[in-house]
Amino acid sequence: MLSRTADNLFWMCRYTERAENTARMLDVNLQMSLLPQDARTREGSWLGVLRISELQGLYQSKHAAISPRDVLEYMVRDPENPSSIYTCMRAARENARAVRGSLTTEVWETYNTTWLELLKHLHTGLLDRNPGEFFEWVKFRSHLARGVTIGTMLEDEALYFLRIGMYLERADNTARMLDVKFHERSAESAGAAAVQSEFYRWSALLSSVSGLEIYRKVYRDVITPDRVAELLILHGDMPRSLLASMRAVADDLARVSNRRSTETERRVGMLCAELQYGRVEDILKSGLHQYLDRFLERINDLGNRISQDFLVPLSA
C-alpha cells in the first residue's frame with residue numbers, strides 16, 4: 001500500500017476517535033456541572049477539559065476567563081483548535097475523500113454525511129438548544145462509522161491501518177483523562193464535601209469511557225479510585241483500557257509488518273507485556289502521574305515510529 005494512502009486511512013480513523021472522545025468528555029463534564037459545586041470547583045472542572053487535550057495555553061490566548069460556554073464553543077466549533085469536534089470531523093472527512101478509492105461506498109457516504117450533518121447542526125443551533133443531544137449525535141456517528149467500516153471493508157492493510165489509528169488515539173485519550181482526574185483528586189482539600197464529590201467524579205470518569213456498567217459487573221462494589229485505575233489501565237476485557245487498546249495495536253501492527261518496523265513492534269510488545277503483567281499496587285506506589293506521563297511519551301513515540309515505518313514522514 002502507498003504510504004500516502006496508509007497515512008490518510010490512519011488519520012481518518014484517529015480524528016473520528018478524537019471527536020468522539022471530545023464529545024464524551026464534554027458531555028460528562030456538562031452533566032457534572034449541574035451538581036451543586038462552588039465556583040472554584042466548577043472552573044477547575046472545565047480547566048481539566050482543556051488540560052486533557054493540552055489546550056490550556058491556546059485557550060487562554062483567546063479567552064480571558066474559564067467559562068462553560070467559552071470552553072464548549074472552543075472545544076466544539078473553533079476551527080483553529082486542532083482538537084475541536086469541528087476540526088476533527090473536517091479532517092476525518094478530508095482524509096476519507098483523499099482515499100475514497102480504498103473505502104467502500106458505505107464508509108465514504110457515512111463520513112461525508114456526518115460532515116454535512118455537523119454543519120447543519122452547528123448552523124441550526126443544536127449545541128445551544130440541547131448540548132446533550134448534540135454530543136449523543138457525535139458519539140452515534142462515530143459508532144456508525146466504526147460499525148460500517150468493520151462490516152463492509154475487506155480485511156486487508158487498509159482496515160489494519162484504520163484500526164491502528166483508532167486504538168492509538170483511544171489509549172492516548174484514556175491515559176490523559178485518568179491522569180487529569182487523579183490530579184484533580186490530589187489537589188482537592190479533604191473533608192466531607194470532598195468525599196461526597198469523589199463518588200461523582202469517578203462515576204463521571206467511568207461514564208465518559210462507557211465503563212460504569214462494566215465496573216459494576218467486574219467489582220460489584222463501591223467505586224474507588226484504585227479500582228478505577230486498575231480497570232482503565234490493566235483490565236484487558238475493558239474495551240477502552242490501555243491494555244485492550246495496545247493489544248489491538250500490536251495485533252494489527254504485526255499484520256502490516258515490514259522490514260523497517262521490527263523495532264516498533266518490539267516496543268509495542270514490551271508495552272503490552274508490562275500492561276498485561278502489571279499490578280495496580282505497583283503503579284500507584286511508584287506514582288500514577290509518572291506512570292501515565294511515561295505511557296503518553298511512549299504512545300507519542302509509537303505514533304512517530306509508525307509514521308516513519310509506514311506513513312508519510314513527519315517532515316513531508
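With 316 residues, a compact globule would have a radius of gyration near 20 Å, and the protein chain, at 19 Å, agrees with that. Please keep in mind that this is a predicted model. Along its principal axes, the C-alpha trace spans about 60 × 50 × 40 Å. If you look for secondary structure, you will find 16 helices and 0 strands.

Now for the surface and the inside. The accessible surface comes to about 15,100 Å², and carbon and sulfur atoms account for 50% of that. Of the 316 residues, 54% are buried. Among contacts between residues at least 6 apart in sequence, 67% join residues at least 24 apart.

The largest nonpolar core holds 100 residues, and Phe-134, Phe-135, Ile-233 and Met-246 have the most contacts inside it. Helix H9, residues 157-187, supplies the largest share of this core with 15 residues. In soluble globular proteins, nonpolar side chains tend to be buried together.

Finally, the cysteines. The structure holds 0 disulfides.

| Cysteine | Nearest cysteine sulfur | Distance |
|---|---|---|
| Cys-88 | Cys-13 | 12 Å |
| Cys-272 | Cys-13 | 18 Å |

Cys-88 is buried, with a relative accessible area of 0%. Cys-272 also counts as buried, because its relative accessibility is 9% and the cut-off is under 20%.

Methods: Residues are numbered from 1 along each chain as its sequence is written. This is a predicted model: local features need pLDDT of at least 70, side-chain atom pairs count only at pLDDT 80 or more; totals for chains, interfaces and linings use all residues. Side-chain values use heavy atoms; hydrogens and water are left out. A nonpolar core is a set of buried Ala, Val, Leu, Ile, Met, Phe, Trp, Tyr and Cys residues joined through side-chain atoms within 4.5 Å. Buried means under 20% relative accessible area, exposed over 50%, partly exposed in between (1.4 Å probe, protein chains only). Helices (H or I, at least four residues) and strands (E, at least two) are DSSP runs, numbered from the N terminus. A disulfide is a pair of cysteine sulfur atoms within 2.5 Å. The radius of gyration is taken over C-alpha atoms; the globule rule is 2.2 Å times the number of residues to the power 0.38. Contact means heavy atoms within 4.5 Å. Accessible areas come from the Shrake-Rupley method with a 1.4 Å probe; for residues, only the protein chains shown count as cover.
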